[in-house]
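User: I am new to this structure and would like to learn how to read its features one at a time. Could you take me through them slowly?

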Amino acid sequence: MCAPTLADVTRSFSIFEHWKDEWLEKQWLGCSVDRWLANKSWDDVLAWVDENEAQHNSDCGFFIRYCLDVGLDKYGQGVGNYLATGTYFEPSLYEHPTIDGRNAALIGRSGIFVGGKWYEFDHARVREDVTHSFYEGTGPLHPFEGETIPVDPEEGRKRGKYSWAKAPRYDVPNLGHIPLEAGPLARRMAAGGPMPPRTKTTTRCSSTCTTRSARVFSSGNWPACTRRPNTTHG
């Protein structure tokens, strides 16, 4: 597979810009991406909804109003602790994959957020609990040691089991193994954590990373390239 040409890259940016202009801003937000990123709290978001008719009637504005109207904001709250193992790798930093070098090579950062504090992700501290899952077993095990032996759901419900998913646990220093939430929100929490120390290897990104399109696809309120602690600008 050959590398993308300049025409390919230009076409991709054109598609992103069209998507941003015609759907993200016009249909979903009813405002510019910059205006949306100015919201820093839930109160800001609520004020944003009623700021003007375009935002009030946007897909996002309607969704927020609907959720509040039917009380969805009062259901499904998690434990308030988050685990993200990270997503995607920078190829130049992961040519020889190792567990120890995994975190530094990630584009979408890993991390743990518990009790208002961030912790660096360490796979050795992860456990999967099947106490309430439709599998044999009642305790947490490391994924390398875990077993997936299904039980009949009807029989499992008699033992207090109710899900096919295993529940993540993490050994937080001084707190022990506690439950955490994984998924999209957890990845956002990890993205908002303090930047880890820079590595010795650096790569230089192009000026296109500072465009508004790049900000749309970032994991925080900064260009996507700055998610990599080993990247410099110029």
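**A lysine in a loop**

Analyst: Lys161 sits in the loop that runs between helix 7 (153–158) and strand 8 (167–172), where helices (H or I, at least four residues) and strands (E, at least two) are DSSP runs numbered from the N terminus. This is a predicted model, in which local features need pLDDT of at least 70 and side-chain atom pairs count only at pLDDT 80 or more, while totals for chains, interfaces and linings use all residues. Residues are numbered from 1 along each chain as its sequence is written, and side-chain values use heavy atoms, with hydrogens and water left out.

User: Is Lys161 buried or exposed, and which side chain of opposite charge is nearest?

Analyst: Buried means under 20% relative accessible area, exposed over 50%, and partly exposed in between (1.4 Å probe, protein chains only). A salt bridge is a side-chain nitrogen of Lys or Arg within 4 Å of a carboxyl oxygen of Asp or Glu. Lys161 is buried and has no salt bridge, the nearest side chain of opposite charge being that of Glu136, 6.5 Å away.

User: Which backbone oxygen does the side chain of Lys161 reach at 3.2 Å?

Analyst: That is the backbone oxygen of Thr131, and the backbone oxygen of Val130 lies 2.9 Å from a polar atom of the Lys161 side chain. Beyond its neighbours within four places in sequence, Lys161 is in contact (heavy atoms within 4.5 Å) with residues including His132, Phe134, Tyr135 and Val151.

User: How should I read a sheet, and in which order do the three strands lie here?

Analyst: Strands of a sheet pair through backbone hydrogen bonds, either parallel or antiparallel. Two strands count as paired if DSSP finds at least two bridges between them. Here three strands form an open sheet in the order 1-4-5, with antiparallel pairing. Strand 1 (82–84) and strand 5 (117–119) stand at the edges with a single partner strand each, so one side of each has no neighbour in the sheet. Strand 4 (residues 111–114) pairs with strand 5 over three bridges, and the bridge partner of Ile112 in strand 5 is Tyr119.

User: Which helix packs on the sheet?

Analyst: Helix 8 (residues 184–191) does, touching strand 1, strand 4 and strand 5.

How values were computed
Axes fitted to C-alpha atoms, helices over the stretch in contact; angles between N-to-C directions. Lys, Arg positive; Asp, Glu negative; His and termini not counted. Polar contact = N/O pair within 3.5 Å; in protein donor to acceptor, adjacent residues only side chain to side chain.
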